[in-house]
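These are my notebook entries on one structure, kept in the order in which I looked things up. I began with the charged pairs and then turned to the rest.

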Amino acid sequence: QVQLVESGGGLVQSGGSLKLSCAASGSISSFFSMSWYRQAPGKQRELVATIIRSGSTDYADSVKGRFSISRDNAKNTLYLQMNSLKFEDTAAYYCNAVTSLIGGVRRNYWGQGTQVTVSS
């Protein structure tokens, strides 16, 4: 089993920056992918950013150019650098990991979430 623990959320001013962390058990370099999702009250959970095993990244259009996903394999930690924050970025942010097993079996894991609130 993979355990994920997010941290770094808080209250920030519009236009400000924040860096989220996701500490994972195991070796994240072996994971198929790691992602950040977010969910605002009453809304669907949406994919924010993904990094796959090769290191390639992808971003939601709403955060492209402002957010950056990265990882530190030595620390088994995933990061989300959030710049130029907008009020619309306010949400609970969740860390996700997908492990790829032999035979093509994949398992999906979630953290508890960390709240990001951007003041307008």
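**Charged pairs.** I looked up Asp61 and found that it forms a salt bridge with Lys64, the closest N and O atoms being 3.1 Å apart; I count a salt bridge when a side-chain nitrogen of Lys or Arg lies within 4 Å of a carboxyl oxygen of Asp or Glu. Asp61 is exposed at 65% relative accessibility, and Lys64 is partly exposed at 49%, where buried means under 20% relative accessible area, exposed over 50% and partly exposed in between, with a 1.4 Å probe and protein chains only. I note that this is a predicted model, in which local features need pLDDT of at least 70 and side-chain atom pairs count only at pLDDT 80 or more, while totals for chains, interfaces and linings use all residues. Residues are numbered from 1 along each chain as its sequence is written, and side-chain values use heavy atoms, with hydrogens and water left out.

By the salt-bridge rule I get a count of 4. One of them joins Asp89 to Arg66, with the closest N and O atoms 2.8 Å apart. Asp89 lies in the loop between E8 and E9 and Arg66 in the loop between strand E6 (57–59) and E7, so this pair ties together parts that are 23 residues apart in sequence; strands (E, at least two residues) and helices (H or I, at least four) are DSSP runs, numbered from the N terminus. Asp89 is buried at 2% relative accessibility, and Arg66 is buried at 11%.

I then checked Glu46, which forms a salt bridge with Arg38, the closest N and O atoms being 2.7 Å apart. Here Glu46 is partly exposed at 34%, whereas Arg38 is buried at 6%. Arg38, Glu46, Arg66 and Asp89 are linked in a network of salt bridges.

**Disulfide.** My search of the whole structure gave 1 disulfide, taken as a pair of cysteine sulfur atoms within 2.5 Å. Cys22 and Cys95 form it, with their sulfur atoms 2.0 Å apart, and at -80° about the S-S bond the link is left-handed. Cys22 lies in strand E3 and Cys95 in strand E9, so the pair ties together parts that are 73 residues apart in sequence. Cys22 is buried with a relative accessible area of 0%, and Cys95 is buried with a relative accessible area of 0%.

**Core.** I took a nonpolar core to be a set of buried Ala, Val, Leu, Ile, Met, Phe, Trp, Tyr and Cys residues joined through side-chain atoms within 4.5 Å. The largest one holds 31 residues, of which Leu4, Met34, Trp36, Leu80 and Tyr93 touch the most other members. Among the elements that give two or more residues to this core are strand E3 (18–24), strand E4 (33–39) and strand E9 (91–100). Leaving aside neighbours within four places in sequence, Leu4 is in contact (heavy atoms within 4.5 Å) with residues including Cys22, Met34, Cys95 and Trp110.
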